[in-house]
Amino acid sequence: MTNELTLYLIIGAILFSLGVFGIITRKNAIMVLMSMELILNSANINFIAFAKYGGMNLEGHIAAMFVIILAAAEVAVALAIVLNIYHNFRHVNIDEISKMKE
Amino acid sequence: MYNAVVNELIGSLGLIKPELALLVTFVVVIIADLIFKNNKVNLGLSILGTIVSGIFLIGMSGTNTSAFANLIAVDPFSEFFKYLILISTLIVLVMSEFSEELHNRDVWMGEYYMLVLGMALGMFLLAGATNLIMIYLALETMSMSSYILSGYTKEIKRSSEASLKYVIFGSLSSGIMIYGMSILFGMTGSLDLYAIQSYLAANGFFQPAIFISGLMVIAGFAYKISAVPFHFWTPDVYEGSPITITAYLSVASKAAGFAVLVRFIKLTFFDAAGSSDESWIMMNSIPWDMVLAVLAVATMTLGNIVALWQSNVKRMLAYSSIAHAGYLLMGIVVMTNTGLMSILVYFFFYLLMNFGAFIVVMLFAHKIGSEEMDDYEGIGYQAPVLASLLTLFLVSLTGLPPTAGFIGKLVLFGAVLDSGWYWLAVIGVLNSVVSLYYYAKVVRNMWLRKVDNGKGTLKFSIQSQALVMVLGIPTLVFGLFFGPIMRWAEHSVRIFLGN
Amino acid sequence: MSGTFNILGVGILTWITFLPILGMIAILAIPSGKDEISRARSLNYFRYITLGITFIQLILTLVVYSGFNFSMPGINDASSMQFIERVTWISVTGLPMLGDLKIEYFLGIDGISMPMLLLTAIVSTLAVFASWGIKKAAKGYFAMYLLLVTGMMGVFVALDFFLFYVFWELMLLPMYFLIGIWGGPRKEYAAIKFFLYTLFGSVFMLLVMIALYFAVGSFNMFDMMDPSKFDQNSILAGFGTSWRYIAFAALFVGFAIKVPIVPFHTWLPDAHVEAPTAISVILAGVLLKMGTYGMIRIAWPMFPDAVQYFNWWIGLIGMVSIVYGALCALAQFSVGKRDLKKMIAYSSVSHMGYVMLGLAALNTEGVIGAIFQMFNHGTITAMLFMIVGVIYDRAHTRSLDDFGGMANKMPVYTAIMTIAFFAAIGLPGLSGFVSEALVFLGAFKTYPVLTVISGLGIILGAGYMLWALQKVFFGKLPERWSGPWDPTGKIYKNDDINYIELGGLVPLAIVVIYLGINPNPVIGMMTSSVNHFVELIRIGGNFAGM
Amino acid sequence: MSHDLLLKISVVILFLPLLSFLIIVFNQKRLGKAAGIIGTSILGIDLVLAAIVAFNKFVVYPNEAIIQWKFHWFSLGNRTIDLGLGVDNLAAMMLIVVTLISFLVHLFSTEYMSEDKRFPRFFSYLGIFTFSMLGIVLANNLLNMYIFWELVGLSSYLLIGFWYEKDSASNASKKAFITNRVGDLGFFAGIMIAFFTFNTFMFDEIFSQIRSGVLPFESGTILTAMGILLFAGAIGKSAQFPLHVWLPDAMEGPTPVSALIHAATMVAAGVYLTAKIFPVFTADALTFVAYTGAFTAFMAATIGITQNDFKRVLAYSTVSQLGFMVMSLGVGAYTYGFFHLVTHAWFKACLFLASGSVIHAMHHAMHKLHDHHSDPQDIRNMGGLRKTMPKTYLTFLFATIAISGVPLTSGFLSKDGILAGTLAFGNLSGHWLIPAMAFISAGMTAFYMFRLTIVSFFGDFKTEIASKTHENNTQIVLPLVVLAILSLWVFYSFNPIDASSGWFAKAFKPVETVVPAEYQFDFMMPYHDAHATESTEVSHGSHSYLNKFEEELHHQHYTAMFLSLAIAGFGILLSFIFYYYKKVDPDKVANSIKPLYLLSYNKWYIDEIYQKTFIGGTILLTKLMFWIDTYIIDGAVNGVAFIWRIFGTFVGKFDNGVVDGLVNLSGGVVGFSGSIVRKLQTGRVQTYLLLSIIGVILLLWWLF
């Protein structure tokens, strides 16, 4: 049982790492947003896994539900912003969106 | 049993009247926007809603309990921050009315008010949240509104750039936070902070996983208060956003961040039963105070020394707000109620002076079309009243008497010294000396250069000047008579510690 | 008549302190004027309001002086302070840890503050004459000037540390503007340097103030001087602990920067060289005294053990300041721009060194000498800077190379300057002598070697002062000055010093000469205070040994 | 006359010249030439009053050591600072000397300065100078002494620099003041020791405390030091080596000033001080004083031989004579030291005023000839003046005889006593160098004074200017005559070869030392101390002596007289051979001993040495200090700011510039492949994120 939990947690950790890595390395804004989803889902996996193996706690499921909902909302907002970026810059390459510095 | 739940829910609703008022206003503004299509109406309704919320807040002053089964604490501590948030919201709403940046365009303002209210709602919830999911929810509510608001002048490139950076940085931070929450949940078996605390109290041993997950959660808050090393977004976003939103972010959003940071640390990692007002007893051997002290020093030092190099006033104020976050963190480091009180006092004064400075910068920008320091040369002689007030705000930010900022620093350093963090206090005061240099740069440009340049005077509306006065007079008066604020803050340090 | 003295129900010290604020408000309310004529009229209003306010202030100070009881010691004894005004300013009770926070509006004077009060009133009144030529943004100038005066007065009458600190910092900003707006070519640099330096010093003072507050639970200076009031758990409790030494050192640095003492003095030459005449006068005449006043009023009585511990070093610093300042002043003849004002600025460093040396003496002669030297340096250096201002206004240069032979062109001016210069040298018959002699006599009893080395300052002082006198007045008049200063005759009708300038200088000269012959009016009021002070430090220091 | 009245008159005497100063200085334009009359008449009154006081002191109260008055100047609470004034025999005599010479100088100046455009101011300065000097004379304590000491410094500064348009004059006045300040520092240090030890400035109180065994730091060495430090003031004012350099330069002042300062007043102050504090000198201090005086006398005499400027020769002769006085006090011949001060005052004033008369005449002659280049003071331009200026010549000659120590003059009496004193001292203490230097100096004095007289007054006119000179009017001549008459022996002692029987020696009896026996020469200890059983002075024959020294002095009297007569005669003779009969060419002699000649001519190079060492050193030091100030202290301040700024830039760039490099680095650290690392070099936001994460990692790394 503990082994399975560990397995889930490792999957979560890998997803989290991939997400962070993606956010940091992807040039395309859309890809960045997708990486963000990975992070949120890694948290979801943790919540569900803990809920299942950590004593059938309902709170974990509820938390996962909330995260999914908020993730959707967040992506919506972020996409709108990316759209606006495209409107202004005619590209979504976040490398080159760096007018303000220092 | 159902009865009990329903009763609990209904009873709790009574405790969140201020939030409900905001929520209702939020909805009403959407509807009104559709019906009336009139910005004045939207503004009026928003202000009305804010005031109603404030009235409810006054009505329940002194409440010290918990709502919705420990989801939200309704205690004097959150109440204080809610006042701060409400005052900020009011100021932002009024300030927006003067903003040419927002009005000289075809975009409709309805969403703007709505989003400000949404953000205020998120911050209200954040100030009282005692459940990890509630914290996440509130934080996201607030964040999502702020992402949009920072890019509200969407046809301006740097505004949209700001919102993009904000959303990416914010998402990652909240992602890290929720991941940390998930682990914390797993380790302790609960999302409820009180329950987590009891678990840790019962199994009080040092566990890296708990520490790291705690740190990940704190990272989410640290980004909100722009503490080093989560401050990178701050200058860019502050510079790119409409100035009203910059001001809002630098005060209200930061206040909410501090509220939740303090509550999270205090409720989770401190011995609830053993802690007295005098000093909080830490559980485990996690040196939270040392961690925070290092963060505080790094934050204030970085904020100050980078601010030295800014030529844009708005950006300079952004870095200065980082530095102020550093000072405020010192109040948590000491881990006493005195420290907490000093944070509250400081925040209240910070609200006055920071908003004041931003409003003057905005008004100047309208007339001279620039936020660059170099363009401020001789402005003191063209707009003596506003320039004097800006000088007052900057002096207050530096922390010189007889302004409110000095009292803030006095109380803060007092708390730090009182608990024996002498080196921290020394670094703190040295930082405030450094800060003088860049604040004085603005003052220098306004008054020392192009004296009597004969350019004639800049005209500002009476209302806008009155708005600045409303902030300026208290900045001076509270510098001399700060007793009431101290008393209020003292009453507000009580955090609901569970049933 | 000692005790309180009210006018319209408000204490006289409050009047003295806040009268300039009223003046400032009046000035701010008067429009600058749009055209030439109305501008000129407003300018006159500004001048006369400022002069009037400072003059009333002077009169009130003299009223205080006339009612001052010479035999009440004060220092650490609240009951023997005079003209006390005591109102609770801020009171917050039942704070966690902080307990009852109480800050008082607590004014009063004793024999240490009375001379400073007189000095401030005299110098700030007379410096208005030196401000007569200010035309640029005159409204701001006179407003800031009055604010500055309030700050200075407040420092000398405050008996609550918090109040003291507020006044102390209050005069920073007006000073910054006064140097920064109306100063010379490098005014911005000088202004910010002054500001940063002083703030650097005062933040340490702030920390010590807070620490003392936690130790005694009040901002009242008298409580802080009373060892029995200290909370035994406080780090500052007891005597001779290293925390107390650190606290004293921090306070000392805060005050020393203001004095200024080598090596914290480098802001001074810059500030003086750039500041307009009247501000140099105020700066040298009053502001520098705030540093030493702070030491006597605060640092010394609160940390007598630390004073004894550091005393030799304080004396050494005094000696170094004396000799070093004098050498740097003398250096103005061989290097740099040979700036007369810079030379006088360095001479201030040297002369304030005497104050330190006198304080280090820790006996009646030395301390009386030190305080009297504060007063005398105030009047004498005020004269010196006014004098430099007079010639600078005419010649638009201060370089010693550009002058010579002025004695024939400006005989009255020469006479005044000779008096001032010889007073600065410490010529008997002029006030500087009495104080310097007392300092030396006192310091010799404590530190003979330091004192004798400091004596070099006397010789060097004569060197640079006479050198300057010779350069400016003697020899042949350079070709460029052979004509009248102002051929149009609009500003300067004749070549010699004019009546407005004399209005500033002659009263000071009279004070300097009179006190040189009869120092009793000033020394008399400080004797009982100083004796009490010396006793206090001595006894307090003895605790350290126990 | 009661004590009180006497003191009141003394106060009037003191303040009358100040009144003169005040009246004149504030009414310069209005008074014009009247200033001279006012000044002179006030001094005339002063002189009369001084005579009254002196008469009373000498006749009515001859046996009272001092009539004095002390009062509180100001109070320090637990003690007071007292001032006072007193008239003892010394003061009474000095009152006469100062007021008379000042009066004569005033009178002289009414004519001499009549063409000066600042005529009134000159008289005002003379007034304040006389005031200051009288203050010294009447001081009965160290503090008063110091106060007026400094005021003399000020007034001499004003007078020497009176013609300030000349750089040489303003330089000389500055030099005089600063050189004096060096001595004053020592003086003041001595005062500090005295005040520290005795808590009083009063002479009589200090003496009685020392007598009762109170010593500074309980050490005789410090007492010696105190004496020497107090004497340092005299070294400055009385132009003793090594601080004599100001005096010759001070000749830049108008000649009446030279007469006033260098004959009777300022320079006498040092000797007067030494005499006043004579009882406190220990054996070592006395030896120091004696050597200082002897060396000064010798050195100045050697310089005087070769100078060509009329006034400079007189200046060096003054320095030399002052050396005699100081030496005399040093060896213990107190009476004769002071005696020489008085006699010297008359004949030196006479010499200076006569030189003024000559210069005045030369000046007028040059004026007539429209000659503006010649030096009216150079003796090589004179010659034969006795024909054109007989009265000046006669008075000058008589004063020269007096200074050379020829019998029937006052100079003989005093100098003889001094020389006898040095012999006695040499005999008793073994310091034979002192009498040796004293006698040589006496001989040289006779030589160079006659050289001066012969070259300028005898022979033919050397220039046309000299031939066109003529005698000055009464205002100038009268003072000369008065002073010359006063140089006769008869005023001091009716016996022309022995002063000890005269009234002067009786009035100024040797004073007892107060120093404990262990620190004093045996021969200086009073007999009643040395032989405690005997109650009073020991009688030896017809004389009674205070101590062994006085006895020895008396015994050496005739030896000294013959020796001095011989040596003075030799000097005079040599002078005549060289300059009158021209049997020997002085230039040849000079060439044959060139190094010595140059040493003398260049005043022993002392000015040059000071210039190179002290002044040069100080200037170097000031430059160094200022450099330190600018570049090190201020530099450190600015440097800190600079480092802050650099740091600030660095951190500022952190957000964009440096970041790329860091990203590269961290990429490598994380171990990603090269291609991915390149892709890592991305835009800003992501860099921020990366850095945030690195920050957290660093934090964790630090914690664990």
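This is a predicted model: local features need pLDDT of at least 70, side-chain atom pairs count only at pLDDT 80 or more; totals for chains, interfaces and linings use all residues.

Biologist: Noted. How many bridges join β1(D) to β2, and which way do the strands run?

Modeller: There are 9 bridges between β1(D) and strand β2, residues 80-88 of chain D, and the two run antiparallel. Together β1(D) and β2(D) make a hairpin, with 4 residues between them. In the turn, G77(D) has a positive phi of about 95°.

Biologist: Which residue stands opposite W69(D)?

Modeller: That is L85(D), which belongs to β2(D).

Biologist: Where is A65(D) placed?

Modeller: A65(D) lies in the loop that links α3 (34-60) to β1 (66-75) in chain D.

Biologist: Is A65(D) buried or exposed, and why?

Modeller: A65(D) is exposed, because it has 11 other C-beta atoms within 10 Å, and a residue counts as exposed at 12 or fewer. As for its surroundings, the C-alpha atoms of A65(D) and N89(D) are separated by 7.4 Å, although the two residues are 24 apart along the chain.

Biologist: Let us step back to the whole of chain D. How many helices and strands are there?

Modeller: Chain D contains 30 helices and 4 strands. Its radius of gyration is 34 Å, well over the 27 Å that the globule rule gives for 704 residues, so chain D is more spread out than a compact globule. The C-alpha trace of chain D spans about 120 × 75 × 60 Å along its principal axes.

Biologist: What percentage of chain D is buried?

Modeller: Of the 704 residues in chain D, 57% are buried.

Biologist: Now the assembly. Which chains share the most contacts?

Modeller: Chains C and D do, out of 5 pairs of chains in contact. Their contact takes 42 residues from chain C and 37 residues from chain D.

Biologist: Which helix of chain C gives the largest share of the side that touches chain D?

Modeller: That is α19(C), with 7 residues. The residues on this side of chain C divide into 25 nonpolar, 14 polar and 3 charged.

Biologist: Finally, how far apart are the nearest C-alpha atoms of chains A and C?

Modeller: They are 25 Å apart, and chain A and chain C do not touch.

Terms used:
Residues are numbered from 1 along each chain as its sequence is written. Chains are lettered from A and ligands numbered from 1 in the order in which they are written. The radius of gyration is taken over C-alpha atoms; the globule rule is 2.2 Å times the number of residues to the power 0.38. A residue is buried if 20 or more other C-beta atoms lie within 10 Å of its own, exposed if 12 or fewer, and partly exposed in between; C-beta atoms are placed from the backbone. Two residues are in contact if their C-beta atoms, placed from the backbone, lie within 7 Å. Ala, Val, Leu, Ile, Met, Phe, Trp, Tyr, Cys and Pro count as nonpolar, Asp, Glu, Lys and Arg as charged, and the others, Gly among them, as polar. Two strands pair if DSSP finds at least two bridges between them.
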